[in-house]
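Grab the model and work through a couple of exercises. Try each task yourself before reading its solution.

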Amino acid sequence: SSSPYSTSHPQVMGQSSSSVFRPLARRRSRTPSPTSPGQLTNPLPAPTGTKLGLQYLCKSAGSTGLLSIVAPQTPVDSESNAQRAPIDLTLVIDRSGSMGGSKLAMVKRSITFILSQLNAGDRLALVSYDTNVRTDFELTACTEQEKLGMGAKVAALQAGSTTNLSGGLQAGLKLQKKTSRNTRLQKEKTRDAVRSLFLLTDGLANAGLTTTPEIVKLVADARQADSSIMVHTFGFGDDHNAEMLGAVAEAGGGEYVYVEKDENLGDSFAEALGGLASVVAQSISLTVSQPGGMARPRTQFPVVADGDGWRVDISDLYAEERRDVLVVMTEGVAKLRYYSIISSEWVNCELACTPRELTSDEAAAVDLSVAREATAAAMLQANEDAASGRLAEARQNLQGALAQAQAVGDCEDIRRLQLDLGECLDTLQTPADYQSKGSKKLKWMGGGHGKQRSRGTECAYTNSVQRSMKSAASAM
């Protein structure tokens, strides 16, 4: 077939469509928001095959253009999970003294939920830590029989003393490194596993390695050896070090999630698990160039110089997700390379980036992406300013982004940016407000908007699998 959605061809798309742009959900809504008159439309619909889609929108040479990568629809059979890749997940759980009572009870319920959603093709490991680090069970196939033994060990978890976070993290990474992508594929003759580590803590590292650079190096070294391991961090309550957990997640190619209240943990774990269950691509690189060079792309993803252009590195994509990168060029080329979890192969495609007349929907999509990127950058910069005691400058940054978002127009996506900017502004009234709430929310929301990925109870950017997982968790 000559269709751009053919499974044998890279999906490169440059034409508009009337497909509706899935809205950013209202705050803490458990279901997608309904279509509203003020909602933008998405000129690049989700592909229907297995390859990623790529599009360039720019009205004239030298103006801001939008490069978009869009993942295909969810490749998962919700009844049998037969089409999704297996999951290798290691949970690294803080059981220090401060985790006692309702916190540890909620952790146990959340792990029990994770067990209920995994099947015999998946594997789960549990490492728990206080002063001492304990491997409660190594990566174990989630058969019904094995789940009974794992469940009993989860139920036996008890709070202890101090927080040896580095020791727990190191033990969890060691379990993941035992099984590389190629090793498991060769030994078990199965599809590549999606491999991840969830690190949960409610406090500060005060035993073992305790500085951010030391702990980040553990993760960076593990990822250098095998980039398919993703590390996600979950900060429980107001006493954890958001800067450290954010840096660990960044080094691990994952997300930092702020679990503001005990009851939010179930949603946070469910959404993260739904993401793992819908990974379609990993190790994604987007290279953009033009003869004579060009300005650095605007994005919160890592960017490195590459000849006459730049390379943007993206860890992974879940089904239905998109990644938007802002670029300024006259006329150039975009090259996309990634590892397909669906077909277990490396995929390459290329797109000529040429300005053209845009439809109103396409022009609105560019404006929205500019506002989203400005919001993310302002939140992250405000966090740096506030951490240095410059609260007035931090508030000014957010107010500038708020004005820029308002100038785009009234639609649900813009209203969501405004809501989050306003919530962050509320946490910058005093140094105490910033330390307890602002340092977490600015890191959390800024990262979520910057990387277009929902993090925990915030439902923006979620896909259908994540919403289904959260619904199931709520029903437990």
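Predicted model: local features only at pLDDT ≥ 70, side-chain atom pairs only at ≥ 80, totals over all residues.

Residues are numbered from 1 along each chain as its sequence is written, and side-chain values use heavy atoms, leaving out hydrogens and water.

**Exercise 1.** Work out how α10 and α11 cross, and which residues meet.

Step 1: take helix α10 (residues 412-426) and helix α11 (residues 431-451), whose axes come within 8 Å and cross at roughly 155°. Helices here are DSSP runs of H or I with at least four residues, and strands are E runs of at least two.

Step 2: classify the angle. That makes α10 roughly antiparallel to α11 (the label applies over 145 degrees).

Step 3: list the contacts (heavy atoms within 4.5 Å). From α10, R416, L417, D420, E423, C424 and D426 meet D433, K441, L442, M445 and H449 of α11.

Step 4: sort these residues, which gives 4 nonpolar, 1 polar and 6 charged.

**Exercise 2.** Trace the strand partners of β14.

Step 1: start with strand β10 (residues 279-289), which runs antiparallel to strand β14 (residues 332-340) with 7 bridges. Pairing requires at least two DSSP bridges. Here S285 has R337 in β14 as its bridge partner.

Step 2: move on to strand β15 (residues 345-353), joined to β14 by 9 bridges, again antiparallel. L336 sits opposite C349 of β15.

Step 3: check the connection. β14 and β15 make a hairpin with 4 residues between them, and S344 in the turn has a positive phi of about 55°.

Conventions. Axes fitted to C-alpha atoms, helices over the stretch in contact; angles between N-to-C directions. Parallel < 35°, antiparallel > 145°, perpendicular 65-115°, else oblique. Nonpolar A, V, L, I, M, F, W, Y, C, P; charged D, E, K, R; others polar.
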